[in-house]
Each structure stands twice: as structure tokens, then as C-alpha cells.
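Welcome! Here is a short tour of how some side chains pair up in this protein. Please take a look at the sequence and the structure before reading on.

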Amino acid sequence: MSRTSRPRRAWLARLGPRDEVDLGRAASPRTVIEDAVARLGRAPVCWAIELSTVVVQRIVAEVPHLGGSPAAIELLRRGNEATTVQALSTLADSPVAVLPVGEATLEGIREFVHRAIPLERVLQGVRIGHAATTEAFLRACAELADPDVAVDEVTAVSRDLFSYVDDLSDAMIRAYLAEHEVWSTSAAAARAGLVHSLLSDAPAVDIDEASRVLGYNLRRTHQAVVVWSHSPDVGSALQAAAIEVLRAHGGTATLVVPVAAGRVWAWGAVPADGTREDGPRETLAQDLSRRQVQAAFGTPGAGVAGFVRSHREAQRAERVERLRREAGRSARPATAYADVAALALLATDLEAAADFVQRELGALAGPGAAMEALRTTLYHYLGAERSLLEVARRVHVARATVTYRVKRAQEVLGHDLDNRRFALHTALALAEELGDAVLLPRAPHR
């Protein structure tokens with residue numbers, strides 16, 4: 001029987017997700033999802049979307065370079081979800097128009113090329129995704145297909161998926177090589193390559209020549225900023241936000257380098273004496289929130305050494321903010337390294353930081369809202385030099401509540417607050433900012 005005339009596989013209609021899937025939060029455009037549901041059924045499409053989420057997690061775990069930022073992972077999810085739904089359509093032999101699946105895949109390929117991710121890593125991700133997707137389809141086929149034809153059906157599904165992924169891999173290789181040829185000769189690639197070289201402690205470059213290529217004077221005093229979003233579709237907004245952040249810090253000339261979906265690095269030439277215009281900073285947080293982006297910036301530094309140091313500080317400040325987000329803390333639109341430097345250094349080795357917190361806090365590091373309230377109150381109590389009124393104002397509770405919580409926290413600790421006070425306050429600060437990242441027990445080494 002020909003491929004186009006083979007009857008639809010009935011078992012595919014019985015596919016369904018393990019958990020509830022919100023189609024409104026699918027990575028693919030709404031029109032694509034609606035079309036797929038109309039052709040394939042809601043439950044099978046939800047199953048494919050759920051599978052894609054699991055597959056992307058596996059790909060990023062095994063090939064971290066393909067992730068790198070929330071927006072980059074979202075872009076990867078968009079492409080993988082499209083190909084998974086397309087695989088479902090292929091197995092169902094349902095007529096499929098040339099839909100944005102191809103564009104979603106190409107969008108991801110362009111991203112990989114611009115981030116200088118080697119083709120072999122991209123193909124490694126494809127192989128991992130193919131293995132996980134095929135395993136899921138074959139397992140579902142064995143469970144749902146008519147037992148009389150299950151063996152033949154498993155063989156046919158394996159063959160069809162192999163053919164589909166083989167064609168997809170060929171198309172991705174061609175797209176990658178074509179994009180790489182265009183990108184490698186572009187001015188943007190030259191600028192990005194030079195910036196990466198400056199940041200990688202490579203042999204000394206000609207500063208004047210590098211300044212000419214970048215269109216930015218490297219001999220001045222620089223302030224670096226990292227600007228990011230959790231959406232991959234805000235490229236121009238990120239660059240505009242980076243410039244606004246730098247202007248708010250007195251930056252005149254600027255250098256902006258996109259480095260990944262939803263992420264840019266930028267530098268601004270700022271006054272060497274540290275003076276700046278403070279007016280724009282009053283509305284900076286509001287502007288960043290409106291654009292739905294976040295920024296982290298380093299301290300000013302002179303010359304190439306300052307260019308590099310300020311950037312590394314901005315990255316450390318960004319890491320702190322990402323850890324805070326993972327801990328469920330409210331996002332801060334702008335984070336200055338100077339404000340989080342101690343925390344950034346303490347969290348450099350997160351496993352050691354977690355061991356330290358749990359050792360210093362003991363039972364006070366336990367789970368639950370009640371224990372969290374004790375930690376927060378005690379943290380502010382030590383920071384406010386034991387002023388009950390100030391703590392009450394900070395945590396929005398009555399003075400008597402502060403007194404009770406401090407007493408109870410000391411009972412849980414089992415020792416006087418003056419005993420190892422610096423270590424105690426430091427552990428509380430880590431717990432307050434990073435939450436479960438330092439409070440949950442670490443998995444033992446094997």
C-alpha cells in the first residue's frame with residue numbers, strides 16, 4: 001500500500017498526556033496548534049507537547065551548550081515541539097501543509113550558528129531528541145496498538161520515524177552550513193568574535209585596531225551590562241534596554257553584542273571620575289519592567305582590563321538574579337554587582353554554600369512557611385542591629401510578633417545569637433536570597 005493511501009493508525013488517536021497540558025502555553029503559534037488539533041485530535045497533540053517538554057529537558061541536560069538561557073531553551077522548545085507534532089502528523093499520514101515547523105527549526109539553527117555552537121553538538125542534540133522521541137512513540141505503540149498487529153506496527157513506526165529524522169537532519173545540516181557561510185563573513189560575526197577573544201584571556205590584541213573594528217574605544221572607562229529576557233522574541237527591545245541602562249549610568253558611546261536568544265552583552269564608556277546623570281535612573285526599573293527584560297551590571301573599569309572585569313561582574317550579578325528567580329523570589333529589573341557582590345562570591349560554589357547554610361542554621365534551615373518566617377525575621381533582626389521597630393516595619397508584622405519569632409528562632413538554633421554571629425547572619429542572607437538552592441539537602445556524590 002502506498003504511503004499516501006495507508007489508513008490512519010487508529011492507536012494514535014488513543015494517545016494522551018500524563019498530566020494536564022495547557023495548549024495556550026504551547027511553544028508553537030496558536031494557529032499551528034489549532035490546525036494540529038483539528039487534524040489529529042486534542043489528546044494526541046497534548047501528548048506530543050508533553051513529550052517535547054521532556055525531550056528538551058533531556059537534550060539540555062546532556063548538551064548544556066544548546067541551552068544557556070531561558071530564552072534559548074524556549075527557542076529550542078519551539079523547534080522541538082514543532083518537529084514532534086510534525087512526527088505525529090507523519091505517522092498519522094494526515095495531509096500537512098508547509099507550516100511554520102520548518103521556520104521554527106531554521107530559527108533555532110540560526111541561533112546556534114550565531115552562538116558559535118559546532119554542528120556536531122547540534123547533531124548530538126538531534127540524536128538525543130530522536131532517541132527519546134522514538135522510545136516514547138514505540139512504547140505507546142506497543143501499549144495501544146491492536147495486539148494482532150503490534151509487532152509489525154512497531155517495526156513500521158521505527159522505520160517511518162528514522163526516515164523522518166534522517167530527512168530532518170539533512171535539512172538541518174544544509175541550513176546550518178548555509179547560515180554559517182553568511183554569518184562568518186558578516187561584520188556582526190567579526191565584532192562578536194573579537195569581543196569573545198577579549199574576554200577569553202587570549203594573547204594581547206592591538207587595542208587601537210580592535211577599537212576600530214568594534215567602533216568603540218577600548219581605552220576609555222567602561223561599565224558592562226548583561227540584559228536578558230525569558231522570551232526569545234525581544235531582540236530589538238533588549239538592545240534598546242541595554243543602551244538605556246548604560247545611559248542611566250552616564251554612558252556615552254556604547255557597544256552592544258547579541259550573544260543568544262533573549263540575551264545581550266553591552267558596554268558603555270562612562271566618566272573616569274565616576275560622575276553620572278542620575279535622573280534617568282529614577283525611571284530605569286519601570287522602563288525595564290515595561291519591556292519585560294532584566295539587567296545586571298558591573299562596576300566601572302578602565303581599559304581592556306576594566307572592560308573584562310566589569311563584564312565578569314555583570315555576569316556574576318546576573319547569576320545571582322537567576323538563582324533568586326529559581327528560588328521563587330520576586331524579579332529585580334536591575335541588579336548592580338556592587339549590591340550583591342558578597343552574595344555572588346558566597347554562591348560561587350553553590351554546593352559548598354548549601355553545606356554552610358545547613359550547618360550553621362541546623363533545624364532553622366527546615367522546610368515550611370513557618371520556618372521561613374523565622375529565618376526572614378531573624379535575618380532582618382540582626383541586620384537592623386536588633387531594632388524591633390525597624391524589623392516590624394520591614395517585614396510588616398507587629399512588634400510582639402517580631403519578639404516571638406526571634407525568641408522562637410533562637411530556640412530552634414539552640415544557641416545564643418552572639419555565638420558565631422557573622423556566620424549566622426551570612427547563612428541567613430544566603431537562605432533569604434537563594435531559598436531552596438541552599439536549603440534543600442544536596443544529593444550525595446557517587
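A residue is called buried when its relative accessible area is under 20%, exposed when that area is over 50%, and partly exposed in between (1.4 Å probe, protein chains only). Asp208, for instance, is partly exposed, with a relative accessible area of 48%.

This is a predicted model, in which local features need pLDDT of at least 70 and side-chain atom pairs count only at pLDDT 80 or more, while totals for chains, interfaces and linings use all residues. Residues are numbered from 1 along each chain as its sequence is written, and side-chain values use heavy atoms, with hydrogens and water left out.

**Confidence**

The predictor's confidence in each residue is given as pLDDT, from 0 to 100. For this protein the mean pLDDT is 86, and 92% of the residues reach 70 or more. Residues 1-7 have pLDDT below 50, and beyond near neighbours in sequence this stretch has 9 contacts in the model (a contact means heavy atoms within 4.5 Å). Over residues 94-101 pLDDT also stays under 50, and here the model has 13 contacts beyond four places in sequence.

**Salt bridges**

A salt bridge here is a side-chain nitrogen of Lys or Arg within 4 Å of a carboxyl oxygen of Asp or Glu. By this rule the structure has 30 salt bridges. Three of them are set out below.

| Salt bridge | N to O distance |
|---|---|
| Glu107 and Arg78 | 3.3 Å |
| Arg159 and Asp160 | 3.7 Å |
| Asp208 and Arg219 | 3.0 Å |

Asp208 lies in helix H8 and Arg219 in the loop between H8 and S1, so this pair ties together parts that are 11 residues apart in sequence. Helices (H or I, at least four residues) and strands (E, at least two) are DSSP runs, numbered from the N terminus. Arg219 is exposed, with a relative accessible area of 52%.

Glu107 is partly exposed at 23% relative accessible area, whereas Arg78 is buried at 14%.

**Aromatic pairs**

Rings of Phe, Tyr and Trp (its six-membered ring) pair if their centres lie within 6.5 Å; planes under 30 degrees apart count as stacked, over 60 as edge-to-face and the rest as tilted. How many aromatic pairs does the structure hold? There are 3 aromatic pairs. One of them joins Trp47 and Phe137 edge-to-face, with 4.9 Å centre to centre and 70° between the planes. This pair links distant parts of the chain, with Trp47 in helix H2 (residues 42-62) and Phe137 in helix H5 (residues 119-144), 90 residues apart. Trp47 and Phe137 are both buried.

Tyr216 and Phe307 form a tilted pair, 6.4 Å centre to centre with 50° between the planes. Tyr216 sits in the loop between helix H8 (207-214) and strand S1 (221-228) and Phe307 in helix H11 (residues 303-326), so the pair ties together parts that are 91 residues apart in sequence. Tyr216 is buried, as is Phe307. Ring pairs also bring in Trp267, linking Tyr216, Trp267 and Phe307 into a cluster.
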